[in-house]
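Colleague: I have not looked at this one before. Can you walk me through it?

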Amino acid sequence: MSLLTTKSSSLMKLCLCLLVMLQVTACTLVAPYDSETDKGINDLADKTEKFIAMCDAQRTPYSKAGTFYTDAIGAVNALKLRSDLYTKNEQEVQVLERLAVKYDHLRQSHKEGPITSSLAEPIRVSLRALMQMQLVKKSSLAVSKSLKEA
């Protein structure tokens with residue numbers, strides 16, 4: 001056996017070992033991807049941005065906010081219930097818990113007077129974090145599927 005063949009064989013074994021480790025890591029470090037949670041987070045972000053844009057443009061008083069805050073907090077609580085079903089999802093649950101509090105803080109600010117887009121930034125931070133978590137889970141799912149097919 002030539003030196004080149006031995007090195008190629010060793011390299012292939014190393015690559016296979018790394019792929020197996022990647023598979024194990026992807027399965028144990030992240031909760032599984034849930035398309036319903038992903039959709040719920042994106043829907044909530046969409047409704048929030050539309051509401052904030054309206055409030056910012058029209059200086060909408062709290063009395064005209066309708067059921068936005070109740071609906072948003074209810075949606076967050078429903079997402080939290082769903083996220084609680086999965087193991088290794090504690091971080092997502094914590095972000096959702098903080099997000100509900102942030103919506104309540106925005107509601108309190110709105111009761112004091114019209115709100116602007118900048119007051120919603122803490123909510124945006126949490127929504128972005130949740131979206132990023134979903135992207136990580138989705139990419140982990142894709143890697144996991146490609147490794148199973150290999």
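Modeller: A term to begin with: angles under 35 degrees count as roughly parallel, over 145 as roughly antiparallel, 65 to 115 as roughly perpendicular and the rest as oblique. This is a predicted model, where local features need pLDDT of at least 70, side-chain atom pairs count only at pLDDT 80 or more, and totals for chains, interfaces and linings use all residues. Residues are numbered from 1 along each chain as its sequence is written, and side-chain values use heavy atoms, with hydrogens and water left out.

Colleague: How many helices and strands are there in the protein?

Modeller: The protein has 5 helices and 0 strands; these are DSSP runs, H or I of at least four residues for helices and E of at least two for strands, numbered from the N terminus.

Colleague: How do the axes of α2 and α3 cross?

Modeller: They come within 10 Å and cross at roughly 165 degrees, the axes being lines fitted to C-alpha atoms, for helices over the stretch in contact, with angles from 0 to 180 degrees between N-to-C directions. The two helices are therefore roughly antiparallel to each other.

Colleague: Where is threonine 60?

Modeller: Threonine 60 is in the loop between α2 (35–58) and α3 (68–83).

Colleague: Is threonine 60 buried or exposed?

Modeller: Threonine 60 counts as buried because its relative accessibility is 5%; buried means under 20% relative accessible area, exposed over 50%, partly exposed in between, with a 1.4 Å probe and protein chains only.

Colleague: Which residues is threonine 60 in contact with, leaving aside neighbours within four places in sequence?

Modeller: Met54, Cys55, His110 and Pro114, where contact means heavy atoms within 4.5 Å.
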